[in-house]
Structure formats: C-alpha cells, structure tokens
Amino acid sequence: MGLVDHVVRPARSDDITEGGVLVFAARVEGACVLGYVLPSRAAAGVAGTLPDGTCLSV
C-alpha cells in the first residue's frame with residue numbers, strides 16, 4: 001500500500017513542536033498519522049484531518 005497523500009517537511013513556527021525538527025503526516029483511510037523527528041527522539045500519533053481534508057499544510 002503506497003501512501004499518496006503525505007507530507008514531510010521541516011517544522012515551521014505555526015506547528016505544535018519544537019523548532020529544528022522534521023514533521024510528517026500521511027492520510028490513511030480518513031485519519032492522519034503524524035509526528036515529528038528530533039535528533040534525540042521521535043513521536044507519532046493519529047488524529048483527524050484538517051477542515052480541507054489534508055493532514056498537514058505543505
């Protein structure tokens with residue numbers, strides 16, 4: 001299964017995470033798998049989509 005609707009990018013000031021991290025999100029059957037990666041740790045979770053149906057703004 002390939003994930004067609006996905007975003008991977010550096011975190012921005014309007015993201016809910018620390019600066020200097022990599023954020024990612026992918027839509028999977030109406031939900032979003034999203035998270036971030038820091039040099040020392042990573043975190044991920046599941047959430048609903050944004051109002052426009054995406055998981056993370058580009």
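Student: Why is Val8 called exposed?

Tutor: This is a predicted model, in which local features need pLDDT of at least 70, side-chain atom pairs count only at pLDDT 80 or more, and totals for chains, interfaces and linings use all residues. Residues are numbered from 1 along each chain as its sequence is written, and side-chain values use heavy atoms, without hydrogens or water. Exposed means over 50% relative accessible area, buried under 20%, and partly exposed in between (1.4 Å probe, protein chains only). Val8 has a relative accessible area of 53%, so Val8 is exposed.

Student: What makes Cys32 and Cys55 a disulfide?

Tutor: A disulfide is a pair of cysteine sulfur atoms within 2.5 Å. The sulfur atoms of Cys32 and Cys55 are 2.1 Å apart, and the pair therefore meets the definition. By this rule the count is one disulfide.

Student: Why is the disulfide of Cys32 and Cys55 called left-handed?

Tutor: The torsion about its S-S bond is about -85 degrees, so the disulfide of Cys32 and Cys55 is left-handed.

Student: How do you know that Cys32 and Cys55 count as buried?

Tutor: Cys32 has 0% relative accessibility and therefore counts as buried. Cys55, at 10% relative accessibility, also counts as buried.

Student: Which residues make up the largest nonpolar core?

Tutor: A nonpolar core is a set of buried Ala, Val, Leu, Ile, Met, Phe, Trp, Tyr and Cys residues joined through side-chain atoms within 4.5 Å. The largest has nine residues: Val7, Ala11, Val21, Val23, Ala25, Cys32, Leu38, Cys55 and Leu56.
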